[in-house]
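Dear colleague,

Please find below the structure that I am handing over to you, together with its sequence.

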Amino acid sequence: MEEILKISGLTKSYGDLVVLDHIDLSVKKGEVVVLVGTSGCGKSTFLRCINALEKIQDGKVLLDGEVINPAGGKLNTVRERVGMVFQSYDLFPHKTVLQNMILAPVKVKKVSKKEAEKEALALLDRVGLLTKKDSYPHQLSGGQKQRVAIVRALMMHPEVLLLDEITAALDPEMVREVLDVVVSLAKEGRTMLIVTHELSFARAVADRMIFIDGGKIVEEGAPEDFFNHPQTERLKKFLDSFTY
């Protein structure tokens, strides 16, 4: 598989606090990379840096060889190519599900409303939400909102999809319906970077696991080796704190 995303020497700090310390990572097209670590280790910040939502102090982020960190400009183009889904859904409360989904393709990519609606309805049908197309976000459950947020990101046809703790705000019974959507995307060959605390899900969906601690990548590997044969005491301790 060809490399689609390359991060080299990425460093992010807030004043004297170094959150990410010279991180290097390459992601191949169609690969699912899952990042885990304790709260505050820099996982979510890492995704935000990739999507140019955070300015970085050093290093580069490249998509298909093109620099995409803020200093490189072209941020709107970048965000068309790198989709991101947050744990907070971020749906527009005054717009229906369908209106939320077609807004960016129509306004940013200049897709016709008819064409955008056709694709949106097909995606909603796929995730079991076609009957909710005229509902407003406040009329949806948390799991339904998150499924809408995911397919809304897909409307922009991103080359890479970033998922940041997308089940963190959900009740346990709603988690599975969201994770099932992500598993189906992985089977399609979507390139994804996922931050999650759901280790059983991570194990099932990942091509590669990444453990971040203290702003550095401490260990990485295939799920089987990562979970069954951790190489560092730090990862062993982290995994021992979970039941999965």
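Two strands are said to pair if DSSP finds at least two bridges between them. In this predicted model, strand β3 (residues 32–36) and strand β9 (residues 208–213) pair in the parallel sense, with four bridges between them. Within this pair, Val34 stands opposite Met209 in β9.

The six-stranded sheet

Strands β3 and β9 belong to an open sheet of six strands, whose order is β6-β7-β8-β3-β9-β10 and whose pairing is mixed. The edges are taken by β6 and β10 (216–221); each has a single partner strand, so one side of each is left without a neighbour in the sheet. On average, and with direction ignored, neighbouring strands of this sheet are turned by 20° against each other.

Strand β7 (160–164) has pairings with two strands that I would point out. With strand β6 (residues 82–85), β7 pairs in the parallel sense over four bridges, and Val82 has Val160 in β7 as its bridge partner. With strand β8 (residues 192–195), β7 also forms four bridges, and the pairing is parallel; here the bridge partner of Leu163 is Ile194 in β8.

How many residues of β7 are buried? Five of its five residues are, and the strand is mostly covered. Val160, Leu162 and Asp164 point one way from β7, while Leu161 and Leu163 point the other way.

The four-stranded sheet

A further open sheet consists of four strands in the order β2-β1-β4-β5, with antiparallel pairing. Its edge strands are β2 (17–28) and β5 (66–67), each of which pairs on one side only.

Strands β1 and β2 are joined in the antiparallel sense by eight bridges, and Glu3 stands opposite Lys28 in β2. These two strands form a hairpin with two residues between them, and Gly15 in the turn has a positive phi of about 65°. To strand β4 (residues 58–63), strand β1 (residues 3–14) is connected by five bridges, and the two run antiparallel. Along this pairing, Ile7 stands opposite Val61 in β4, and Thr11 stands opposite Asp58 in β4.

Helix α1

Which strands of the four-stranded sheet does helix α1 lie across? Helix α1 (residues 43–50) lies across β1, β2 and β4, and runs at about 120° to β1. Six of the eight residues of α1 are buried, so the helix is largely enclosed by the rest of the structure. The buried residues in α1 are Lys43, Thr45, Phe46, Leu47, Cys49 and Ile50. Just after α1, Ala52 takes a positive phi of about 65°.

Helices α5 and α6

Two packed helices are described by the angle between their axes and the distance between the axes. For helix α5 (residues 142–154) and helix α6 (residues 172–188), the angle is about 20° and the axes are 8 Å apart. Because angles under 35 degrees count as roughly parallel, α5 is roughly parallel to α6. The crossing of α5 and α6 is right-handed.

The contact brings together Gly142, Gly143, Gln144, Gln146, Arg147, Ile150 and Leu154 in α5 with Met174, Glu177, Val178, Val181, Val182 and Leu185 in α6. By class, the residues in this contact are seven nonpolar, four polar and two charged. Helix α6 also lies across β3, β7 and β8, running at about 150° to β8.

Val148 lies in helix α5. Since buried means under 20% relative accessible area, Val148 counts as buried, with a relative accessible area of 1%. Not counting residues up to four places away in sequence, Val148 touches Leu91, Val97, Met101, Leu129 and Leu140. Val148 and Asn100 are 48 residues apart in sequence, and their C-alpha atoms are 8.6 Å apart in space.

Where does Thr167 lie? Thr167 is in the loop between β7 and α6. At 3% relative accessibility, Thr167 counts as buried. Leaving aside its neighbours within four places in sequence, Thr167 is in contact with Val175, Val178, Leu179, His197 and Glu198.

With kind regards

Note on methods: Residues are numbered from 1 along each chain as its sequence is written. This is a predicted model: local features need pLDDT of at least 70, side-chain atom pairs count only at pLDDT 80 or more; totals for chains, interfaces and linings use all residues. Side-chain values use heavy atoms; hydrogens and water are left out. Contact means heavy atoms within 4.5 Å. Axes are lines fitted to C-alpha atoms, for helices over the stretch in contact, and angles run from 0 to 180 degrees between N-to-C directions. Angles under 35 degrees count as roughly parallel, over 145 as roughly antiparallel, 65 to 115 as roughly perpendicular and the rest as oblique. A crossing is left-handed if the near helix is turned anticlockwise from the far one by less than a right angle, and right-handed if clockwise. Ala, Val, Leu, Ile, Met, Phe, Trp, Tyr, Cys and Pro count as nonpolar, Asp, Glu, Lys and Arg as charged, and the others, Gly among them, as polar. Buried means under 20% relative accessible area, exposed over 50%, partly exposed in between (1.4 Å probe, protein chains only).
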